[in-house]
Amino acid sequence: MVKWNPNSTLIRIVYTFTVAKILPFTEARTHLTELLDEIERVHEHFVITRNGRPSAVVMSQAEYESLIETLEILGDAQLMSDLSASDTDVAAGRVIPWGKVKRDLGLA
């Protein structure tokens, strides 16, 4: 089992999303075209409220896919263990220069 590490890069990715803008449903409905344009342009996400309570989140397809991919990675115990081990290797200086990797693979 992978121990949760609040300093992990993956954890920081999840918790550093831009704070969502809050928008009442009636305003979102009235300005839906502009809302979608802004979401696509700057990858914002909006919390849509009904009667003052959060009801839905609207985000770009790219942001949604990124979020799902991050959650899948965080949910994969083996992958998280491998990432933790790689962090340990880097911290200990157990790395191979990129140029050597390319040469070894016949790419350079």
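Strand E2 (residues 45–50) is joined to strand E3 (residues 53–59) by 6 bridges, and the two run antiparallel; strands (E, at least two residues) and helices (H or I, at least four) are DSSP runs numbered from the N terminus, and two strands pair if DSSP finds at least two bridges between them. E2 and E3 form a hairpin with 2 residues between them, and Asn51 in the turn has a positive phi of about 55 degrees. Strand E1 (residues 21–24) runs parallel to E2, with 4 bridges joining them. Val47 in E2 is the bridge partner of Ile22, and Val47 also has Val57 in E3 as a bridge partner. Because 5 of the 6 residues of E2 are buried, this strand is largely enclosed by the rest of the structure, where buried means under 20% relative accessible area, exposed over 50% and partly exposed in between (1.4 Å probe, protein chains only).

The model is predicted, so local features need pLDDT of at least 70 and side-chain atom pairs count only at pLDDT 80 or more, while totals for chains, interfaces and linings use all residues. Residues are numbered from 1 along each chain as its sequence is written, and side-chain values use heavy atoms, with hydrogens and water left out.

Helix H4 (residues 61–74) contains Glu63, whose side chain makes a polar contact with the side chain of His45 (2.8 Å); such a contact is a pair of N or O atoms within 3.5 Å, and within protein one must be able to donate a hydrogen and the other to accept it, residues adjacent in sequence counting only if both atoms are side-chain atoms.
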